[in-house]
Amino acid sequence: MRNLRLLTIGGYLSYRALFGWLNPYMYSLALLLPAVAQLSFFVFLGRAAHVADDSYYVAGNALLAAATPSLFGMAQAVAGERYSNTLALLIASPASRVAVFAGRALPGIVNGMVLSTWTFAVAALLFRVSVPAGAVVPLAGAIAATSFSCVGLGLVNAALGLRWRETAVLGNLLLFVLLMFAGVNVPLDRLPGWLSTIAQGLPVTHGAKAARELVAGAGFEHVAPLLGAELLVGACYLATGLVALRLFEVEARRGATLELA
Amino acid sequence: MLWFGFGAHFKLLSRSPFDIWVVVASPLIFATLAHFLFAGNGGPQMLVAALASGVMGIWSSTTASGAGALQTQRRLGVLELLVAAPAPFWSVLLPISFAISGIGVYSLAVGLVYVRVLFGVPIVIHSWPAFVVAVPATIVAVGSLGFVFASGLVRFRSAFMLGNLFEWPVWMVCGLLIPVSVLPGWLRPVSWFLAPTWGMAALRGATLGTGHPWADVGMCAVLAAGYFVIGTAFLRFFLDAARAKATLALTA
């Protein structure tokens with residue numbers, strides 16, 4: 001019961017406190033408007049490059065929108081504690097680490113879904129990309145799976161925050177890797193073979209492909225393997241993040257470097 | 001004071017991993033994207049893409065740090081001291097803004113070296129004099145725009161986020177990686193008032209021998225002067241209001 005409370009209420013309070021979203025104005029400035037601007041940039045870049053049509057960029061970038069709050073939000077779960085001088089207290093507490101950090105991941109997943117849905121809806125209106133009625137529910141599934149996998153990667157970023165202070169730099173680096181190599185803005189067949197292979201293990205790759213196929217008229221049964229792959233990728237990152245958190249915590253305790261990283 | 005301030009802040013920013021990442025990341029990312037998206041379009045297009053990604057880095061630095069320049073001084077606890085000092089406050093803020101856009105010179109250098117080394121693009125500049133003048137002209141013009149942001153947002157605690165809000169739209173409308181021809185017509189006049197448009201045009205013209213790079217440099221100078229006038233007016237208005245209400249530190 002205590003772990004459940006940590007997971008839900010703790011996660012909610014932590015997320016809200018870290019970002020200081022005291023009003024919708026801040027949320028819009030930080031996430032909603034930049035996500036649409038970023039997507040529009042890539043739609044026009046795609047038009048200039050004549051590589052793919054608008055729906056390719058709309059579907060991919062709308063799903064990628066979930067990555068921003070996931071990567072930076074999860075990293076702040078550690079960096080914000082250090083900034084507030086509460087990281088040592090958190091690490092010293094007997095609370096379950098899985099409950100604490102999974103609790104911080106849950107609002108990240110919900111937030112990623114909200115942001116992706118918003119970006120998809122606005123971009124579909126702006127660039128006249130129509131979504132078949134039957135694709136709406138599976139598309140929501142693709143958005144949820146992608147948000148989950150992005151939060152998994154975000155947890156890895158958070159774990160690295162125990163070893164390295166510059167989590168914003170790392171978050172940016174990971175975000176740009178997704179921008180370039182997750183098949184969102186550059187079709188995978190344009191990448192060298194080895195990069196295309198690596199892309200299979202990145203969050204967003206399979207979710208974005210599923211979203212594009214759904215927009216093109218495919219049914220749920222056709223994209224289900226892609227959604228499964230996206231969830232599997234997310235689960236792998238989540239497990240890696242939790243293990244890394246544990247390892248870096250032990251290392252930081254041993255070297256007394258928690259505040260110095 | 002301008003020169004000393006510029007030098008001190010340039011060195012300070014050059015030692016910040018985050019600020020260096022902001023200016024170095026842009027050319028690496030967008031030149032790579034251009035390589036994959038415009039593959040086979042030849043050296044000149046990749047060279048222009050490298051320059052464009054460099055200007056994107058200058059703009060990134062301006063939005064990431066320029067808008068929140070005063071917030072940084074506030075966080076360091078020196079904003080009130082700087083405002084109360086006998087030196088005019090614009091002479092304190094302007095060199096900070098120039099330094100923030102100035103570290104974008106790393107961005108241009110990284111972009112050119114990157115496409116040369118990785119993609120074998122020959123660095124052929126048609127007019128070196130125009131190019132050498134266009135680089136500082138672009139930095140000064142973009143820095144002056146950063147000065148307007150910093151001045152106008154002095155009382156907003158979300159200045160940093162407001163600055164970030166302008167990153168992608170300006171990359172989009174200023175004809176950097178995306179030709180203006182693919183944008184809706186109503187966006188073009190917007191780009192005329194933005195320094196990166198003319199800075200990029202000057203660099204492109206000097207590199208390829210097209211257009212009128214010296215005229216574009218002139219536009220950079222005109223815009224920089226205009227931004228300076230607007231920025232000092234903002235600064236006077238917002239600082240007077242902050243003094244009157246004693247809220248200079250409270251908006252942190």
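In what order do the elements of chain B run from the N terminus on? A few notes on this predicted model, starting there.

1. **Order of elements.** Reading chain B from the N terminus, you get α-α-α-α-α-α-α-α-α-α-α-α-α. The tally for chain B is 13 helices and zero strands, so no strand turns up anywhere in that run. As for overall dimensions, chain B has a radius of gyration of 18 Å, and the globule rule gives 18 Å for 252 residues, so chain B is as compact as a globular protein of that length.

2. **Burial and contacts.** Chain B has 252 residues, and 51% of them count as buried. Now look at the contacts in chain B with a separation of 6 or more: 82% of these come from residues 24 or more positions apart.

3. **Where chain B meets chain A.** Chain B puts 25 residues into the contact, and chain A puts in 26. On the chain B side, at least two residues each come from helix H2 (17-37), helix H9 (159-165) and helix H10 (167-173).

4. What classes of residue make up the side of chain B that touches chain A? Sorted by class, there are 22 nonpolar residues and three polar ones, with no charged residues.

How values were computed
Residues are numbered from 1 along each chain as its sequence is written. Chains are lettered from A and ligands numbered from 1 in the order in which they are written. This is a predicted model: local features need pLDDT of at least 70, side-chain atom pairs count only at pLDDT 80 or more; totals for chains, interfaces and linings use all residues. Helices (H or I, at least four residues) and strands (E, at least two) are DSSP runs, numbered from the N terminus. The radius of gyration is taken over C-alpha atoms; the globule rule is 2.2 Å times the number of residues to the power 0.38. A residue is buried if 20 or more other C-beta atoms lie within 10 Å of its own, exposed if 12 or fewer, and partly exposed in between; C-beta atoms are placed from the backbone. Two residues are in contact if their C-beta atoms, placed from the backbone, lie within 7 Å. Ala, Val, Leu, Ile, Met, Phe, Trp, Tyr, Cys and Pro count as nonpolar, Asp, Glu, Lys and Arg as charged, and the others, Gly among them, as polar.
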